[in-house]
Amino acid sequence: MGRLPLAFLAAVALLATPAAAQIIPTGSPTADILLTTALSEQRVFLTCTALDAADHQTALAFWQGDVDAALALLAERNVPAQAIQAFRAAARPEALMPAPDTPFAEVQEYCAAQENWPQRWQRRDFTELARALPEAMPKARP
């Protein structure tokens, strides 16, 4: 059996950070998928844009705005407080990024293993919760 590539092992190690919180169901399977997908995508963007300070600040600002919009919508749609808190914890940049003492080379390898991440980031080819969640969780009719 062949050895696993170092980039793959680095990606697994970075994705398995203990700070990552678990998503608790919101009551909408579609919303749960969107939240989980956005967290996974933003883990890559927040980690990999950290290699460039200007891009990283842009990524952080975008993500914080998207998280704020998602939290407001979840509260408006009467999602259980426990689910909102779980998403809030999982969405913290510290929960998505590798530990500060992660060697720079490991971060570089992780990012190199993420196919086309810079192009996806520039094209905004990822889940935007502020746009997608309202469709997944329409307002209840009175």
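Visitor: Trp121 first, then: is that residue buried or exposed?
Guide: Its relative accessible area comes out at 4%. Buried means under 20% relative accessible area, exposed means over 50% and partly exposed is in between, with a 1.4 Å probe and protein chains only. At 4%, Trp121 therefore counts as buried.

Visitor: What kind of model is this?
Guide: Residues are numbered from 1 along each chain as its sequence is written, and side-chain values use heavy atoms, leaving out hydrogens and water. Local features need pLDDT of at least 70 and side-chain atom pairs count only at pLDDT 80 or more, while totals for chains, interfaces and linings use all residues, because the model is predicted.

Visitor: How many aromatic pairs are there?
Guide: A pair of rings is described by the distance of the centres and the angle of the planes. Rings of Phe, Tyr and Trp (its six-membered ring) pair if their centres lie within 6.5 Å; planes under 30 degrees apart are stacked, over 60 edge-to-face, and the rest tilted. By this rule the count is five.

Visitor: What is the angle between the planes of Phe45 and Trp121?
Guide: Their ring centres sit 5.5 Å apart. The pair counts as tilted because the planes are at 45°.

Visitor: How many residues apart in sequence are the parts that this pair ties together?
Guide: Phe45 belongs to helix α2 (residues 29-49) and Trp121 to helix α7 (residues 117-123). Helices here are DSSP runs (H or I, at least four residues), numbered from the N terminus. So the parts tied together are apart in sequence by 76 residues.

Visitor: And Phe45: buried or exposed?
Guide: Phe45 has a relative accessibility of 0%. That's why Phe45 counts as buried.

Visitor: What is the centre-to-centre distance of Phe45 and Phe126?
Guide: These two rings make a tilted pair, with 55° between the planes. Centre to centre, the distance is 5.1 Å.

Visitor: Which residues form one aromatic cluster?
Guide: Phe126 is buried too, at 9% relative accessible area. The one cluster is made of Phe45, Phe62, Trp121 and Phe126.

Visitor: Which residue lies over the face of Trp121?
Guide: A charge sits over a ring if NZ of Lys or CZ of Arg is within 6 Å of the ring centre and within 35 degrees of the ring normal. The residue found over Phe62, 5.1 Å from the ring centre, is Arg124. Over Trp121, at 4.7 Å from the ring centre, lies Arg124.

Terms used:
Helix = DSSP H or I, 4+ residues; strand = E, 2+ residues; numbered from the N terminus.
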